[in-house]
Amino acid sequence: MLPDFLSAEGERRCRRLLAGATARYRARPAAAAVLVPLCLVHGAPALLYTLRSSRLAGKHKGDVSFPGGKCDPTDRDVVHTALRETLEEVGLLVPEQHVWGILQPVSDQVDEVFALPLAHLLQAQNQGYTHFCQRDHSQYTLPVFLHGPHRIWGLTAIITEFTLQLLAPGTYQPCLAGFRLPGS
């Protein structure tokens, strides 16, 4: 049986762990922000993702991502950016007081919105890593999460990994030493 990831105690723990970063990042401007929506699907805790439209220009069309985007001059801070973009992209109105904290600074743009249960993300067979090698022979490894036709990779996978560390510290342990939350 998995723990209650969305309990009041879990929320307090996450808010406490994120308090320092939240204060720092809300106080300075950022280029963009995303929201990591936690939700219940058939009573099970899940993360909400979007599939970026294949009709968009640029290299991220068709990618799985969290709702979010570039900051507007009228945005008060990164939280306001993430909430505004989430409303624009998926029609989800999230009250600011429901934001637990900030991990790090980070419509017609979306083809699909889907949720993945935390239980699915925590299963080893749905987790992996992709190894990248650059022309100069530098190498790096990033997490990947799999679900049917969807492959969660890049920054979205890194944010997913940090989120799983926050929500399930006794259950989820990343394999890469560089992807640990401060203090864990």
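Colleague: By about how much does H1 bend at Ala 19?
Modeller: The bend of H1 at Ala 19 is about 50°, taken as the angle between axes fitted to the seven residues ending there and the seven starting there. This is a predicted model, in which local features need pLDDT of at least 70 and side-chain atom pairs count only at pLDDT 80 or more, while totals for chains, interfaces and linings use all residues. Residues are numbered from 1 along each chain as its sequence is written, and side-chain values use heavy atoms, with hydrogens and water left out.

Colleague: How far apart are the end C-alpha atoms of H1?
Modeller: They are only 23 Å apart, although H1 has 19 residues. A straight helix would reach 27 Å at 1.5 Å a residue; the expected span is 1.5 Å times one less than the number of residues.

Colleague: Which residues of H1 are buried?
Modeller: Gly 10, Arg 13, Cys 14, Leu 18, Ala 21, Thr 22 and Tyr 25 are buried in H1. Buried means under 20% relative accessible area, exposed means over 50%, and partly exposed lies in between, with a 1.4 Å probe and protein chains only.

Colleague: What do the buried residues of H1 pack against?
Modeller: They pack against helix H2 (78-90) and H4, where contact means heavy atoms within 4.5 Å.

Colleague: Moving to Gly 101, where is it found?
Modeller: Gly 101 sits in the loop between H2 and S6. Gly 101 counts as partly exposed because its relative accessibility is 25%. Leaving out residues up to four places away in sequence, Gly 101 touches Leu 18 and Thr 22. Its C-alpha atom is separated by 7.8 Å from that of Ala 21, 80 residues apart along the chain.

Colleague: Stepping back, how many helices and strands does the protein have?
Modeller: There are 4 helices and 9 strands, which are DSSP runs numbered from the N terminus (helices are H or I, at least four residues; strands are E, at least two). Along the sequence the pattern reads α-β-β-β-β-β-α-β-α-β-β-β-α. Of the 184 residues in the protein, 41% are buried.

Colleague: How many residues has the largest nonpolar core?
Modeller: The largest nonpolar core has 23 residues, and Tyr 49, Leu 118, Leu 121, Phe 145, Ile 152 and Leu 164 have the most contacts inside it. A nonpolar core is a set of buried Ala, Val, Leu, Ile, Met, Phe, Trp, Tyr and Cys residues joined through side-chain atoms within 4.5 Å.

Colleague: Which elements give two or more residues to this core?
Modeller: Helix H1 (8-26), strand S3 (44-52), strand S6 (110-117), helix H3 (118-122) and helix H4 (154-167) do. H4 gives the largest share, 5 residues. Another core, of 10 residues, lies apart from it, and includes Ala 21, Tyr 25, Leu 83 and Ile 102.

Colleague: What does Ile 152 touch?
Modeller: Not counting residues up to four places away in sequence, Ile 152 touches Tyr 49, Val 64, Leu 116, Pro 143, Val 144, Phe 145, Ala 157 and Thr 160.

Colleague: A new topic: in what order do the strands of the open sheet of 3 run?
Modeller: The order is S7-S8-S9, with antiparallel pairing; two strands pair if DSSP finds at least two bridges between them. Strand S7 (127-133) and strand S9 (150-152) are the edge strands, each pairing on one side only. From one strand to the next the twist averages 35°. Here axes are lines fitted to C-alpha atoms, for helices over the stretch in contact, and angles run from 0 to 180 degrees between N-to-C directions.

Colleague: How many bridges join S7 and S8?
Modeller: S7 pairs with strand S8 (residues 139-147) over 7 bridges. In this pairing, Cys 133 stands opposite Gln 139 in S8. H4 packs on the sheet, where it touches S7, S8 and S9, and its direction makes about 75° with that of S8.

Colleague: And S8 with S9, over how many bridges do they pair?
Modeller: Those two strands pair over 3 bridges, in the antiparallel sense. They form a hairpin with 2 residues between them, and Gly 148 in the turn has a positive phi of about 50°.

Colleague: Lastly, is His 42 buried or exposed?
Modeller: His 42 is exposed, because its relative accessible area is 83%. His 42 lies in the loop between S2 and S3, and its phi is near 50°, a positive value in a residue other than glycine. Most residues other than glycine have a negative phi.
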